[in-house]
Amino acid sequence: MSRATLGWIVLGWVGYAVLPWYGFDRAAAPALSDYFIGGSGLVLGLKGAWWLLPILAPLLMMLRPATGSARVSVSEWLVASGTIGLLLVLLQGFTIGLNGWTSDTLKSLFGAPGPSQAGMGYGAALTTTSFLIVLCHGLAARGWCRGDAFVTSSIGVIIALIIIFVFFPVSTILASAFGDDKGNFAPIQFVTKFMDKSIWGLDCVTSDLRCGVAWNTLFLGILVAFGTTALGLAFALIATRTSFRYKKLLRVMSVLPIITPPFVIGLALILLFGRSGALSAVLFEWFGVPRTRWIYGLPGVFIAQLLAFTPIAFLVLIGVVQGISPTLEEASQTLRAKSWTTFLTVTLPLMRPGLANAFLLGFVESLADFGNPLVLGGNFEVLSTKIFFAVVGAQQDQGRAAVLSIILLAFTLGAFWLQHAWLGKKVYTTVTGKGDAGIPLPLPRRVALASYFTAIPWALFTVAVYAIILVGGFVRSMGRDYTPTLDHFLTAFRIERADWGLYFSGSAWNSFFATVKVAALSAPLTAAIGLLTAYLLTRQRFSGQRAFEFGTLLSFAIPGTVVGVSYILAFNVPPIEITGTGFILVMCFVFRNMPVGVRSGIATLSQIDKSLDEASLTLGARSFTTMRRVVLPLLRPAIVASLVYSFVRAMTAVSAVIFLVTAEYNMATTYIVGRVEAGEFGLAIAYSTVLIIVMLLAIVGIQLAVGERRLGRRSAGTNTAPLAVQATP
């Protein structure tokens, strides 16, 4: 038995015999005496919580292989003890709740109300994790994943986390799609709601009436996916393959929209193009162009989503474009292919993993977005807004929201399948262990011009939008009173000197500190889980791999509103009772934002030759060492993309967290939404400006901390070539 396995067995005993079994704080289990001192699972079991005593059996079973008996099969005992332990914890956790037995069958068999218990605490979490890891080590000992305990444990932990924080809450609310108002199974009602004409109607084809909300959503998603992928590719090509003088500034402009708090882009577009907008006024006064409401509807939502989601495509594609081997392009030119032919037949096909993942993320983001359609949608309805109003509107029809969510999932699954079909089983490896002395070729003239004419106007448009945002925070009332003032910033971020020191008296400080704290905790967790998942998907082969990959996209496809409600329904009662804590916000952000790290990691790993991993393993390195010293340095673009996206999304997300915030953890976005609803646009924009500055500083810090990867390639001004793949220290 390995030291790691013994360590996890010890931790399992510590969780059961030492740490408190219930709750993450004293208030979670006020009825338990001596909660922190004598509230361990073993002590509580001896004091009367008889349902905790059976867990002692698998813990004793785990000690049997440690005796060193030759007649004991270590792998079989580890698998058996881990499996039995997990089943016992799940059984007692889901059958006993705060008010006794959780099912009528148990109440009739054993009498009502039955025993009661609070949600799991540190002890239960540690012991359950120990059972899971011991089970995975036992499977590795039996030859799973080539006997690699790190790989089997990673797969087991990630699957468990996805089940707990994605499948469990989402299935809790989706199950209501097949029930009536009383919770009874009613498939006929599901079919009626699913086939509603307002969802699938095609009246817009034959008349002036509107099409169904599903077709609107699908059409918008395809438009946004194509648009964001094209813009992201243009920015990536300019940043990596041209000598454009202001490429760093252009790079900042490409990423800037992702750090914008919710509703601010929509508000800025209204202030520019609305009937009373600045640009509308100029066009009317100078050229007599009539003021209209064209910004409300498909055009406005499309522009806002392009602004919001292009940075995601850019972050995914820049690492892919950097990873293309110049040697392959030089080989094409050696065969007398023209630069345009080389780009079409060599460069572009090697970008397919990045293009496919950027398209998929743009499509899914468009489907799940509800902030921009809510502000700019007008009469153009999409599924996300319909779900929002079904959940929080006057109708409060949870079943209808669940049906609409299932349709969104179907669209996501279809896009996921099409992506795999388009990529096929082709090989896209361009980063190997061999020295690559090739010089990146300049872009063909027509590609360079197309990139410039696409990216630069869009960057200028972005500057105009952010100029409106910046001005809005320093004037009394945008569009009415342009008198300069700092009142909005002072109201939100006033600092006063008191007898005991500085006093943060501004109304926004509490939400600001809570937001930074949650974002700082969730970002590294999101990147670590996302990139580890990408590594497992691209470097390992195991049964159920496709289902595992789709599971990582599930929470990304569900609108944030549904995710927030599902978290409340799932985690407000035992066995996992974390509603009202900062932990639930962190977990929500981790599994909402993880797909970007997964897709970015997959796109980058698709270019890295597996022989690098195999060489490290051949030299005796373990999988963990190989990943840390070989793979991670080459994944730096994906690491930056995942960290930046997860930190920024945690700072700016609104749809999910609006249901999860508390007085202690009131996030910045809920504060901004409250100010927008109250008509205090100047205060909302001022707060957004501060958040944008903080996030820009964070992005710069992340890029400096992670660094850039070096692929052992020459630049145009270098005379000598490195001999092997290297990474900056």
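Reader: Which loop holds arginine 146?
Author: First, the ground rules: this is a predicted model, in which local features need pLDDT of at least 70, side-chain atom pairs count only at pLDDT 80 or more, and totals for chains, interfaces and linings use all residues. Residues are numbered from 1 along each chain as its sequence is written, and side-chain values use heavy atoms, with hydrogens and water left out. Helices are DSSP runs of H or I, at least four residues, numbered from the N terminus. On that numbering, arginine 146 sits in the loop between H7 and H8.

Reader: Is arginine 146 buried or exposed?
Author: The scale is relative accessible area: under 20% is buried, over 50% is exposed, and in between is partly exposed (1.4 Å probe, protein chains only). Arginine 146 also has a positive phi of about 60° although it is not a glycine. Its relative accessible area is 83%, so arginine 146 is exposed.

Reader: What phi does arginine 336 take?
Author: Arginine 336 is in the loop between helix H17 (326–334) and H18. With a relative accessible area of 79%, arginine 336 is exposed. Although it is not a glycine, its phi is positive, at about 70°.

Reader: What is omega for the peptide bond between proline 574 and proline 575?
Author: Proline 575 belongs to the loop between helix H27 (560–571) and H28. The bond joining proline 574 and proline 575 is cis, and its omega is about 10°.

Reader: And what is omega between alanine 112 and proline 113?
Author: Here too we're in a loop, with proline 113 between helix H6 (104–110) and helix H7 (122–141). The peptide bond from alanine 112 to proline 113 is cis, with an omega of about 0°.

Reader: How are H8 and H28 oriented to each other?
Author: Axes are lines fitted to C-alpha atoms, for helices over the stretch in contact, and angles run from 0 to 180 degrees between N-to-C directions. The axes of H8 and helix H28 (residues 582–605) come within 10 Å and cross at roughly 105°. Angles under 35 degrees are roughly parallel, over 145 roughly antiparallel, 65 to 115 roughly perpendicular, and the rest oblique. H8 and H28 are therefore roughly perpendicular.

Reader: What kind of ring pair do phenylalanine 94 and phenylalanine 168 make?
Author: Rings of Phe, Tyr and Trp (its six-membered ring) pair if their centres lie within 6.5 Å; planes under 30 degrees apart are stacked, over 60 edge-to-face, and the rest tilted. By this rule there are 34 aromatic pairs. For phenylalanine 94 and phenylalanine 168, the centres are 5.8 Å apart and the planes at 85°, so the pair is edge-to-face.

Reader: Which helix does phenylalanine 168 come from?
Author: This pair bridges distant parts of the chain, its members being 74 residues apart. Phenylalanine 94 is in helix H5 (residues 74–95), while phenylalanine 168 is in helix H8 (residues 149–174).

Reader: And the rings of tryptophan 458 and phenylalanine 461: what kind of pair are they?
Author: Both residues lie in helix H23 (residues 445–472), three residues apart, about one turn of the helix. Both tryptophan 458 and phenylalanine 461 are buried. Their ring centres are 5.4 Å apart and their planes at 45°, so the pair is tilted.

Reader: Which residues does valine 403 touch, beyond four places in sequence?
Author: Valine 403 is placed in helix H22 (residues 398–423). At a relative accessible area of 1%, it is buried. Past those sequence neighbours, valine 403 touches Ala177, Phe190, Lys193 and Phe194.

Note on methods. Helices (H or I, at least four residues) and strands (E, at least two) are DSSP runs, numbered from the N terminus. Contact means heavy atoms within 4.5 Å.
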